[in-house]
Amino acid sequence: MKTAVRIIITCMPNHLCPFMLIFTKCSFLPFAAVTGMSPLSPYLNVDPKYLIQDTDEFILPTGANKTRGRFELAFFTIGGCCMTGAAFGALNGLRLGLKETQSMAWSKPRNVQILNMVTRQGALWANTLGSLALLYSAFGVIIEKARGAEDDLNTVAAGTMTGMLYKSTGGVRGIARGGIAGLLLTGLYALYNNWEHMKGSVARQSL
C-alpha cells in the first residue's frame, strides 16, 4: 500500500503533494498504534527510533584516545596565553599612557605617545606569557612521553621546571624563586581541578 501511495504522490502535481503527505501520515497512525510500531516518517523510509542514539559515537584512529593530549592542548595554551597577554598589556599600556601624559592637553602627540605605550606593553606581555606557555607545554609533553602517563604530577613538574628555566638568568636565587613560583601556581591549579574529587573522597571516608 505504501508503495502505491508513493507512486501516486510522484505522479501528482506539486501543489497537491503536501496534502497527500498529510493524508498518508494520518492514515498510517492507526496501524502504528494498533501494532505498537513507531510511525514511519513520510519523508524518510527509516524508523525514527533508530536515529536516536543514547551515547556519543566517534570514529577514532586505532589506539587514539577520546581526550586531547598535551601536544594537542599546547597550541591552544600558547595561543590563549599570547592573546591574554596582549589584551592585558594593552590595558596596562593605556593606564600607563594616560598616567604619564595627564599633564598634556588632548592632542596628536599625546595620542601617539599613548598608542606607543599600548603597543609596547601589549607586545611585552604577549611575548612573556607566550614564552612561559611554550616552555610549560614543551616540558609537559616531554615529561608525559618519558613517564608514559598523564596526571597532575606532570603538570606540577612542568610548571616547576618552567619557572626554573625562565628565571635561570638570575642565578641560583632566581632559579629557586622561579621554581617555587611555578610549583605554587601549578599546585593550586592541580588542587582546583581535583577539588570535587577530594571533597567526594572526604565525604565517603566520613560515612
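In which helix is the place of L188? L188 lies in helix α6.

## Basis

This is a predicted model, in which local features need pLDDT of at least 70 and side-chain atom pairs count only at pLDDT 80 or more, while totals for chains, interfaces and linings use all residues. Residues are numbered from 1 along each chain as its sequence is written, and side-chain values use heavy atoms, with hydrogens and water left out.

Helices (H or I, at least four residues) are DSSP runs numbered from the N terminus.

## Helix α5

Helix α5 covers residues 152-166. The helix has 15 residues and spans 21 Å from its first C-alpha to its last, close to the 21 Å expected at 1.5 Å a residue; the expected span is 1.5 Å times one less than the number of residues.

N154, T155, A158, G159, T160, T162 and G163 are the buried residues of α5, buried meaning under 20% relative accessible area (1.4 Å probe, protein chains only). They pack against α3 (70-100), α4 (108-147) and α6.

## T155

T155 has a relative accessible area of 6% and is therefore buried. Leaving aside residues up to four places away in sequence, T155 is in contact with R70, Y136, T186 and Y189; contact means heavy atoms within 4.5 Å.

Together with L191, W195 and M198, L188 forms a nonpolar patch on the surface, with about 390 Å² of accessible area in total. Both α6 (171-193) and α7 (195-206) give two or more residues to the patch. Patch residues have over 30% relative accessible area and no salt bridge, with nonpolar side chains (Val, Leu, Ile, Met, Phe, Trp, Tyr) joined within 5 Å and like charges within 9 Å. A salt bridge is a side-chain nitrogen of Lys or Arg within 4 Å of a carboxyl oxygen of Asp or Glu. Accessible areas come from the Shrake-Rupley method with a 1.4 Å probe; for residues, only the protein chains shown count as cover.

Terms used: Buried < 20%, exposed > 50% of the residue type's maximum accessible area, 1.4 Å probe, protein only.
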